[in-house]
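Here is my note on the charged side-chain pairs. Please read it with the model open.

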Amino acid sequence: MTDLDQLTQSLARNLKRWRGERGFTLDALAARAGVSRGMIIQIEQARTNPSVGTTVKLADALGVSITTLLDYEQGSQVRLVPASQAVRLWSTEAGSSNTLLVGTEARGPIELWSWHLMPGDSSASDPHPEGTVELLHVTSGELTLVVDGEAHVVPAGTSATFEAHVPHIYRNDGSEPADLTMAVSIPPVRGEGR
């Protein structure tokens with residue numbers, strides 16, 4: 001089984017599990033996530049590999065981290081995630097990428113990410129649920145962080161935090177690669193939609 005096959009199977013199993021735990025019908029989850037019912041069926045039957053955007057929308061609608069939707073081993077008190085099991089969710093031909101390092105569901109999902117942005121590359125994100133907070137630290141290069149249309153230059157050694165319920169973009173306007181570590185805290189889903 002390839003890594004992609006394993007990821008597809010894990011996503012199918014975990015999406016079904018969390019939809020069931022939240023008591024969401026296919027239609028209810030489709031409406032909450034803004035994803036078609038047919039796409040959710042295909043994902044749950046492991047017949048498709050959805051885009052990162054679709055996966056994020058489903059995770060947000062369920063109130064779980066992407067880690068939880070993609071993880072194939074849950075349960076232990078201490079969970080070590082070797083580099084070989086970190087999940088690369090986005091990459092470009094220029095060499096930019098982001099990697100989900102680890103996440104947890106404690107008090108709402110929390111995710112830890114590693115980003116590598118090549119000069120001229122950018123990644124846009126739709127708004128997350130109200131109460132979502134992102135924290136980031138640029139370790140090399142320079143990041144242009146655009147939050148709700150306002151650009152902020154974040155040089156190496158600088159950290160930033162913002163409420164991520166508005167559109168935001170991670171962009172490298174510089175001439176050198178930019179590397180950053182980012183944590184995302186997502187509020188837990190309240191029992192609506194059951």
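**Salt bridges in the predicted model**

1. Arg-17 and Glu-21 join their side chains in a salt bridge, at 3.0 Å from N to O. The term means a side-chain nitrogen of Lys or Arg within 4 Å of a carboxyl oxygen of Asp or Glu. Both residues sit in helix α1 (residues 3–22), four residues apart, so about one helical turn separates them. Helices here are DSSP runs of H or I, at least four residues long, numbered from the N terminus.

2. How exposed is this pair? Arg-17 is partly exposed, at 37% relative accessible area. Glu-21 is partly exposed too, at 39%. Partly exposed lies between buried (under 20% relative accessible area) and exposed (over 50%), with a 1.4 Å probe and protein chains only.

3. Arg-37 pairs with Asp-27, and their closest N and O atoms are 3.0 Å apart. Arg-37 is partly exposed, at 40% relative accessibility.

4. Arg-171 and Asp-173 form a further salt bridge, 2.9 Å from N to O. Arg-171 is partly exposed, with a relative accessible area of 27%.

5. How many salt bridges does the rule give? The count is four. Those described above are among them.

6. On method: the model is predicted, so local features need pLDDT of at least 70 and side-chain atom pairs pLDDT 80 or more, while totals for chains, interfaces and linings use all residues. Residues are numbered from 1 along each chain as its sequence is written, and side-chain values use heavy atoms, without hydrogens or water.

How values were computed
Helix = DSSP H or I, 4+ residues; strand = E, 2+ residues; numbered from the N terminus.
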